[in-house]
Each structure stands twice: as C-alpha cells, then as structure tokens.
Amino acid sequence: MPDLWTEPVGVDTLTDTPPRNGRRLFTALMGDRSARLGLWTVVLVILAALTAPLVAVLVGHGATEQFRETALDASGIPVGPSSTFWLGADGEGRDVLVRTLYGTRISLLVGIPATTLAMVIGTIVGVASGLTGGIFDRVTGQMIDMVLSFPFIVTALSLLALNRGPDGQPVVSPLVVVIVIIAAFTWTYFARLSRGLTVTLRSRPFVDAAVTLGAKRRWILFQEVLPNVLPVVVVYWAVQLPASIVAEATLSFLGVGIQAPTPSLGNMIADAQRTSLYQVQPWYLLGPAIALFVIVLGFNAFSSGLRNVLDPKGR
Amino acid sequence: MLRHVTQLLTRSVTTLVLVLLAAFALTRIAYRDPATMLAPRNAGQEGIDAVARALRLDDPWYLQLKHYLFRGPDIQGAPMGLVNWPPALGYSFRQNTPVTELILSKVPVTASLALGALVIWMTLSLVFGVEAARREGTAIDHGLSALAYVALSLPTFLTGMLLSYFLFFTLSTHGIYLFPSSGYVPLTENPFEWARHLLLPWLTLAIAEIGIFQRVVRGSMLEVLGTDFIRTARAKGLSEQVVHYRHALKAALNPVITLGGLELAVIMGGAIVTETIFGLDGVGRLAVNAALEGDFPVVIGTTVFAAAVFVTCSFIVDIATKLREPLRT
C-alpha cells in the first residue's frame with residue numbers, strides 16, 4: 001500500500017549545502033551508520049538478484065522446475081535444507097533458494113520501474129502545477145485528492161480484471177500491470193512534494209531576480225527550478241522504493257499480482273501459507289520471508305541514512 | 001475559519017463525487033458481460049435478462065449512470081439509487097442484499113479492528129517516542145529506533161503470519177489455546193471473547209504503525225524540546241516528567257494527529273490483508289471478494305465507502321489541527 005506517512009523532505013535541504021560531489025557524498029554516507037548498513041544490504045540484494053541464474057545453473061534447478069522424485073518424500077512432504085536443495089524444497093518440489101533469488105529479482109524488477117515511473121510523472125505534474133498555478137494547479141490538486149482516497153487493493157483488482165482478455169488470458173503481462181498500478185498510486189506523493197518545492201522556490205530571491213532580468217520560462221524551469229527540485233525528488237525515490245516493493249509483494253500475496261509459477265516473494269509466502277507445509281518445512285516460508293524483510297530493511301535504512309546525510313536538520 | 005471550512009467541504013465533496021464517477025467508469029469498463037457476472041449463480045437466461053433490465057445495461061453509459069444515481073434497480077418497489085430516500089448504493093444480486101446494508105453489516109468488525117489497533121499503537125508510540133527523544137543519542141534511543149526500523153520493514157502480511165504461527169500454531173501444538181486463529185465475536189455479545197479474537201489482528205496492524213509513529217513522535221518532540229517555551233517550563237521548576245509529557249507532548253502532537261487520522265481512515269476503509277489472514281469478515285474482505293467475483297455494485301459501494309471515510313477523517317484532522325494551532329509555539 002502506498003504510504004501516507006513519509007514526510008516530504010523539507011525545503012530546508014535547499015538552503016543547506018549537501019555534499020554535491022560524488023566522492024564526498026559517498027564518504028558522508030559511509031560515516032552514517034544507517035546508510036552504511038543499508039548500502040551494504042542493498043548491494044547484497046542486487047548481487048543476489050543478479051546471480052539468480054548463476055545459482056540456478058550451479059545447483060542445477062530451474063526456478064519453475066519440479067523435482068517430485070528427489071524433493072518430495074513418499075507422502076509428498078518437501079525435504080528440508082540439504083546439499084542439493086540448500087533451503088529445501090516447496091510443496092511442488094521446487095528449489096526454495098533458487099525461487100527466492102528469482103523472487104528477489106521480481107521485487108526489484110517491479111519496484112524500481114514502478115517508483116521511477118511514479119517519480120517522472122509526479123515530478124512533471126508537480127513542477128508544472130507549481131509553476132503555472134491557477135486552474136491547472138487546482139485541477140491537479142483535486143485529482144491527487146481523488147487518487148489518495150481511492151482504496152488501493154480494490155482498484156488494483158478491478159484493473160487486473162480489466163486486463164483479462166475474452167479468453168481469460170491476460171492481455172498484457174501482469175508484471176507490467178502491477179508496475180502501472182503501483183505507479184498510478186505513488187505518483188501523487190511525488191507530485192505533492194515537487195509542487196510544494198516549486199511553489200517555495202518561485203518566491204525565492206534568485207528566481208525573482210531571474211524574472212526581473214527577463215528570463216524566459218524555460219530558463220527558469222531548467223536553470224532555477226529543476227536543479228533544486230531533482231535532488232530532493234531523487235532522495236524521495238529511495239524512500240518510496242521499499243513501499244513499492246511491499247506493494248508488489250502484498251498484491252502477489254493476495255493472488256492478484258505476479259502469477260504462479262513465476263516466483264515472487266509475495267506469492268511464495270502465500271503458497272507456504274495456503275499449503276501449511278511450512279509447519280513441517282519452515283524454510284519454505286522463512287526463505288522468501290527473510291528475503292523480503294532484508295530487502296525492505298536494507299532500502300529503508302539506506303534511504304533514511306541518505307536523508308540524514310543530505311538533510312542534517314531533519315530527523 | 002468559516003471560509004476555510006467551506007473551501008475544505010467543497011473540496012471533500014468534489015473528491016467523493018469524482019471517486020464515485022471513477023469507480024463507476026472503472027467497473028463498467030473492467031467487467032465484460034456484467035449481466036452474467038452479476039446474476040445469481042444458478043440464474044437462467046431470464047434472470048440474466050432481468051439484471052440487465054434492472055441496471056439498464058443496454059443503455060448508453062450516461063443513461064446508466066443517471067439511472068444508477070437517481071433511481072437504481074427497483075427492488076420490490078423500492079429504488080436503490082443514491083439520490084433517493086433512504087440513500088442506497090445499489091443492489092447486490094449475488095447476495096440478494098442492498099449494498100448499503102451489506103457494508104453497514106461489516107462496519108462493526110472493521111471499526112473494532114481499526115480502533116483497537118489505534119489505541120495500542122498510539123499508546124506505545126507516544127511512550128516510545130517521548131522516551132527516545134528524552135534520551136536522544138543513548139543506547140535506549142538507538143534500541144528503540146532499531147525496533148522501529150524492524151517494525152517498519154515487516155510487511156503487514158508477514159507480521160500477521162508470524163504472529164499467527166508463533167502465538168497460535170506453536171502454542172496450540174503445546175496444548176495452549178491462548179488465541180483463536182480466526183473469527184469475530186461481537187462486542188455486545190461477549191467483550192472478553194471480542195478482545196481475545198481481535199488481539200492478534202490488533203497487534204499485526206499496530207506493529208507496522210508503531211514503526212512509523214515512534215519516529216514521528218520522536219522527531220516532533222525533539223523539535224519542540226529545542227524551543228524557548230520548554231526552557232521556560234523548565235525554568236519554572238517543573239519536573240522533567242511534566243515537562244515532557246504535559247508541555248512538550250501537547251505541542252508536538254499535531255503531526256501525530258494528522259498522520260494518525262489518515263492511517264486510521266485507511267484501515268477503516270478496509271484492512272484487507274489483516275482481515276484476510278485472520279478470517280475477519282470486515283469491509284476489506286467484502287470489497288476484495290466483490291472485486292474478484294465481479295460483483296460491481298459492491299465494488300463501487302465499498303470504494304465510495306472507503307473514500308468517504310478517508311475524506312471525513314482528513315476533514316476532521318484538518319479542523320482539529322487548525323483549532324490546536326494557538327498551542328503551537
């Protein structure tokens with residue numbers, strides 16, 4: 001669910017001098033405990049997602065391949081961790097480790113584009129309405145109000161129903177639909193943030209000065225507004241990313257996101273719960289659960305550290 | 001103030017109307033062959049035709065919308081439109097019940113869930129937040145913020161599953177039946193059983209919220225603690241306890257109220273995940289099942305209901321924080 005809690009990064013960021021150059025930013029990040037922890041976790045998660053096919057080859061199990069003879073015992077109970085199945089198997093005799101790694105991949109493949117799309121749309125709308133003001137500003141404000149009061153999951157369900165073709169097969173890939181749904185709800189936060197920043201910037205002396213000097217709108221947009229809005233928006237992207245990842249996992253958990261047999265951390269956890277087999281093979285649940293927790297924790301820690309570094313006055 | 005209230009009211013009502021229109025459009029576009037989907041399961045062609053007639057499904061969309069708003073399907077002579085008396089949000093042919101009635105019957109469950117969780121999360125967040133701000137930089141502060149991170153990073157469905165695994169399944173294998181795994185007992189029937197059935201769902205919701213609110217309370221407290229007004233309170237010789245909990249907390253409460261109202265509104269509109277995991281028959285489950293089955297009068301109804309709760313809560317929160325403004329230093 002898109003969250004309502006993350007407070008927009010303060011405009012104060014603009015007046016401070018955050019470390020702009022890359023190396024100094026990195027040093028500052030390494031000095032912040034939360035950022036350091038987060039950064040390492042994020043690197044680990046990305047590596048895990050990248051090496052998924054490698055691990056699959058190494059252990060010789062594909063993500064959707066079933067090994068009913070070796071992975072399930074006589075009564076159909078999946079085996080626990082062993083030298084062939086490092087995290088054991090699931091109810092269908094598939095390798096939990098390989099599926100968890102591929103699920104991590106899906107989390108990033110949905111979360112990153114969804115948040116980025118939301119950022120692009122939100123920033124364009126926010127900056128435009130902040131600069132133009134008037135009726136356009138009011139209309140977008142009203143639209144944002146509407147989107148915010150729409151219940152997320154029910155809307156997502158209706159949109160997924162819309163995606164079902166006459167033969168019951170999805171028209172476009174569910175991956176794309178999930179990305180679009182998450183972005184459709186998340187852009188509002190970016191729009192609010194960037195509109196607020198733009199309005200504040202517009203009344204700043206340096207923008208006034210530019211206007212007095214006869215600067216064109218385009219100049220004000222590209223030289224005065226965007227360079228100051230973008231860094232804040234990018235930090236907020238990092239704040240919003242874990243929320244998007246959770247949103248995908250939740251949709252998949254409820255059975256309306258990424259569909260089996262494609263592994264997603266959400267639908268793996270749902271499988272474990274539905275079959276109750278995790279009660280005998282706990283790694284069936286723990287594998288994807290720990291992975292999801294670590295991903296979200298890592299990104300949360302990183303983004304919060306990033307905020308600490310860039311906005312020392314904030315929390 | 002009056003001008004502010006009127007503006008806010010206009011905006012809220014516009015939002016609701018837009019949500020209604022969008023929900024109507026979305027469901028009409030999303031569901032193909034609605035008459036068949038909406039008719040009772042074993043209905044023959046006649047039943048399907050009757051549904052199509054009752055909803056005027058053969059008319060162009062604007063006439064359908066007009067019919068939906070101003071008349072609605074006649075059920076035993078009673079119109080089920082929004083602009084009739086009593087106002088209704090249509091009729092579920094699947095469940096043979098007016099949508100409004102259906103939603104209202106589920107509200108007690110969701111409201112119990114939301115309000116109980118609110119009490120737990122607010123109490124704990126206020127105490128944790130104030131104590132963390134009071135001891136800024138100490139081990140306790142770091143410990144509390146680490147806890148907040150963990151709580152924040154646990155998706156609700158995971159918290160719910162872990163709680164029901166450890167506090168229900170593991171305990172019950174040892175013969176201890178502290179909590180039921182699911183179900184709901186009305187408060188009026190048996191208050192003790194009501195609380196016992198809701199405790200795990202409350203905790204599930206509260207844990208996620210504590211992760212957010214502890215940090216908000218702490219941040220807001222730190223801001224207030226640096227102001228002159230607190231220095232004055234200390235100079236008057238008030239005890240630290242009074243300074244923190246009476247003076248500072250009161251002034252630091254505004255962001256907590258704003259956020260609390262909105263979070264409460266979201267949960268009240270249907271705590272889908274928690275309701276699903278703990279088998280609570282609330283508004284959220286009603287909405288999801290309706291969306292899955294394509295019972296779109298219920299989908300529109302629950303969407304409008306959730307939006308109405310959200311809009312009302314934000315309205316109240318806005319007024320409340322405005323009224324508190326003189327308290328702000």
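Which residues of chain A does UniProt list for "transmembrane region"? The unreviewed entry gives residues 37-59, 106-131, 143-162, 174-194 and 283-302. The model examined here is predicted. Two of the listed spans were examined in it. Residues 143-162 of chain A are 90% helix and 0% strand. The end C-alpha atoms of that span lie 22 Å apart. Residues 283-302 of chain A are 100% helix and 0% strand. Here the end C-alpha atoms are 27 Å apart.

Helix packing was then examined in chain A. Helix H10 of chain A covers residues 205-212, and helix H11 of chain A covers residues 217-253. Their axes come within 11 Å and cross at roughly 150°. Angles over 145 degrees count as roughly antiparallel, so H10(A) is roughly antiparallel to H11(A). The crossing of H10(A) with H11(A) is right-handed. H10(A) contributes A:Phe206, A:Val207 and A:Ala210 to the contact. These meet A:Trp219, A:Ile220 and A:Glu224 in H11(A). The residues of this contact comprise 5 nonpolar, no polar and 1 charged.

A further helix pair was examined in chain B. Helix H5 of chain B spans residues 99-134, and helix H12 of chain B spans residues 283-293. The two pack at an angle of about 135°, with their axes 7 Å apart. H5(B) and H12(B) are therefore oblique to each other. On the H5(B) side, the contact involves B:Leu102, B:Ile103, B:Lys106, B:Val107 and B:Thr110. On the H12(B) side, B:Val283, B:Gly284 and B:Leu286 take part. The contact of H5(B) with H12(B) has 5 nonpolar, 2 polar and 1 charged residues.

Conventions: Residues are numbered from 1 along each chain as its sequence is written. Chains are lettered from A and ligands numbered from 1 in the order in which they are written. This is a predicted model: local features need pLDDT of at least 70, side-chain atom pairs count only at pLDDT 80 or more; totals for chains, interfaces and linings use all residues. Axes are lines fitted to C-alpha atoms, for helices over the stretch in contact, and angles run from 0 to 180 degrees between N-to-C directions. Helices (H or I, at least four residues) and strands (E, at least two) are DSSP runs, numbered from the N terminus. Angles under 35 degrees count as roughly parallel, over 145 as roughly antiparallel, 65 to 115 as roughly perpendicular and the rest as oblique. A crossing is left-handed if the near helix is turned anticlockwise from the far one by less than a right angle, and right-handed if clockwise. Two residues are in contact if their C-beta atoms, placed from the backbone, lie within 7 Å. Ala, Val, Leu, Ile, Met, Phe, Trp, Tyr, Cys and Pro count as nonpolar, Asp, Glu, Lys and Arg as charged, and the others, Gly among them, as polar. UniProt positions are given in the numbering used here, feature names are shortened, and annotations may be inferred rather than shown by experiment.
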